[in-house]
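This report walks through one protein model, beginning with a single side chain and ending with its charged pairs. Please keep the structure in view while reading.

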Amino acid sequence: MQYERFEGRWFLKSNWHLVKSGQSDQMKGVPVPLQEEPPAPEDCVISLPPPDALLAHDGGAAGFVASNALSTALYRMLEGRKSRRKYTEEPLSLEELSYLLWAIEGVKENKGKFSFRTTPSGGARHPLDVYVFAHKIKNLNVGLYRYLPVEHQLVLERQGDDSEVLDEALNGQFWNAACIVMWAAVPYRSEWRYGKAADKLVALDAGHSCQNLYLACEALGLGTCAIGAYDQEKLDAYLGLDGEDMFALYAAPVGKLQGGA
């Protein structure tokens with residue numbers, strides 16, 4: 001069955017070669033823009049309590065204590081979350097990889113034609129496939145795998161260590177990772193419902209998923225770093241994607257940190 005492909009897919013691809021073909025305002029010496037729009041002099045400005053103020057309260061009730069513990073844990077993860085690029089030689093366990101993949105795109109409730117997952121998605125369309133290059137994972141052969149979120153399984157796409165090829169596709173950003181997580185866009189899943197508006201939703205979904213990876217890594221004492229600057233054609237070829245109906249969208253190495261987080 002033929003379906004319409006929209007030009008907006010181009011927007012989702014890694015077009016960093018265009019940066020080299022012209023000058024940005026930063027290159028021209030234009031002053032850096034403000035981090036936020038300042039309030040007008042006549043605006044009413046209200047100071048908020050510090051973000052950890054709620055954590056200091058002690059209500060005494062068991063339910064409140066449990067809620068406070070969860071709030072504290074999330075606060076610590078958000079506070080500690082940052083991009084990390086240096087990893088040890090220690091491998092990840094298969095259980096750790098399972099936890100990360102479920103956090104990224106795991107299914108909480110399968111409705112048959114759609115599912116509710118650990119990340120939000122416009123119309124529950126979930127237009128992303130997740131691939132992982134397992135470099136140093138205990139009890140898992142080195143190779144490229146695709147995550148099946150509905151079954152919570154991995155399917156082996158290709159066995160063997162071709163990390164040098166992957167490093168080239170990632171513009172030298174492999175960083176001795178234990179694994180590389182890669183998101184592939186499958187635009188038609190969202191285009192089927194939203195047509196030309198789908199591209200915005202695909203991009204938003206990738207951000208949701210990668211943030212979950214950051215938080216899951218923080219919880220496990222692991223490091224990760226989102227990569228948007230990769231070689232589109234080389235990464236598509238590495239993943240075996242056609243570059244049109246499926247193409248690489250995002251990537252992130254994951255590894256153990258010295259002494260944990």
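## A threonine in a loop

The side chain of Thr-118 reaches the backbone oxygen of Trp-102 at 3.0 Å, which is a polar contact (a pair of N or O atoms within 3.5 Å, where, within protein, one must be able to donate a hydrogen and the other to accept it, and residues adjacent in sequence count only if both atoms are side-chain atoms). Thr-118 itself is placed in the loop between β2 (115-117) and β3 (128-134). Helices (H or I, at least four residues) and strands (E, at least two) are DSSP runs, numbered from the N terminus. Setting aside residues up to four places away in sequence, Thr-118 touches Trp-102, Ala-103, Ile-104, Glu-105, Gly-106, Lys-108 and Asn-212, where contact means heavy atoms within 4.5 Å.

This is a predicted model, in which local features need pLDDT of at least 70 and side-chain atom pairs count only at pLDDT 80 or more, while totals for chains, interfaces and linings use all residues. Residues are numbered from 1 along each chain as its sequence is written, and side-chain values use heavy atoms, with hydrogens and water left out.

## The sheet and its strands

In which order do the six strands of the open sheet stand? The order is β5-β4-β3-β6-β8-β7, and the pairing is antiparallel; two strands are said to pair if DSSP finds at least two bridges between them. Because β5 (153-159) and β7 stand at the edges, each with a single partner strand, one side of each is left without a neighbour in the sheet. From one strand to the next, the twist averages 25°. As background, strands of a sheet pair through backbone hydrogen bonds, either parallel or antiparallel.

Strand β8 (residues 247-256) is mostly covered, with nine of its ten residues buried; buried means under 20% relative accessible area, exposed means over 50%, and partly exposed lies in between (1.4 Å probe, protein chains only). Seven bridges join β8 to strand β6 (residues 179-185) in the antiparallel sense, and three bridges join β8 to strand β7 (residues 222-224), also antiparallel. Val-254 in β8 stands opposite Cys-179, and Val-254 also stands opposite Thr-224. Elsewhere in the sheet, β3 and β4 run antiparallel and are joined by four bridges, with Tyr-131 opposite Arg-146 in β4.

## Helices across the sheet

Helix α3 (residues 94-105) lies across β3, β4, β5, β6, β7 and β8, and runs at about 160° to β3. Helix α6 (residues 198-220) lies across β3, β6, β7 and β8, and runs at about 5° to β8. For these angles, axes are lines fitted to C-alpha atoms, for helices over the stretch in contact, and the angles run from 0 to 180 degrees between N-to-C directions.

## Val-142 and the cysteines

Val-142 lies in the loop between β3 and β4 (143-148), and because its relative accessible area is 26%, Val-142 counts as partly exposed. Leaving aside neighbours within four places in sequence, Val-142 is in contact with Phe-133, Ala-134, His-135, Gln-159, Gly-160 and Asp-161.

The structure holds zero disulfides, a disulfide being a pair of cysteine sulfur atoms within 2.5 Å. For Cys-225, the nearest cysteine sulfur is that of Cys-210, 8.6 Å away. Cys-225 counts as buried at 3% relative accessibility, whereas Cys-44 counts as exposed at 70%.

## Charged pairs

How many salt bridges does the structure hold? There are 13, each defined as a side-chain nitrogen of Lys or Arg within 4 Å of a carboxyl oxygen of Asp or Glu. One of them joins Glu-191 and Arg-9 (2.7 Å, N to O). Glu-191 lies in helix α5 (residues 188-194) and Arg-9 in the segment before α1 (17-20), so the pair ties together parts that are 182 residues apart in sequence.

Another salt bridge joins Glu-96 and Lys-256, with the closest N and O atoms 2.8 Å apart. This pair links helix α3, which holds Glu-96, to strand β8, which holds Lys-256, across 160 residues. Glu-96 is buried, with a relative accessible area of 14%, and Lys-256 is buried at 13%.
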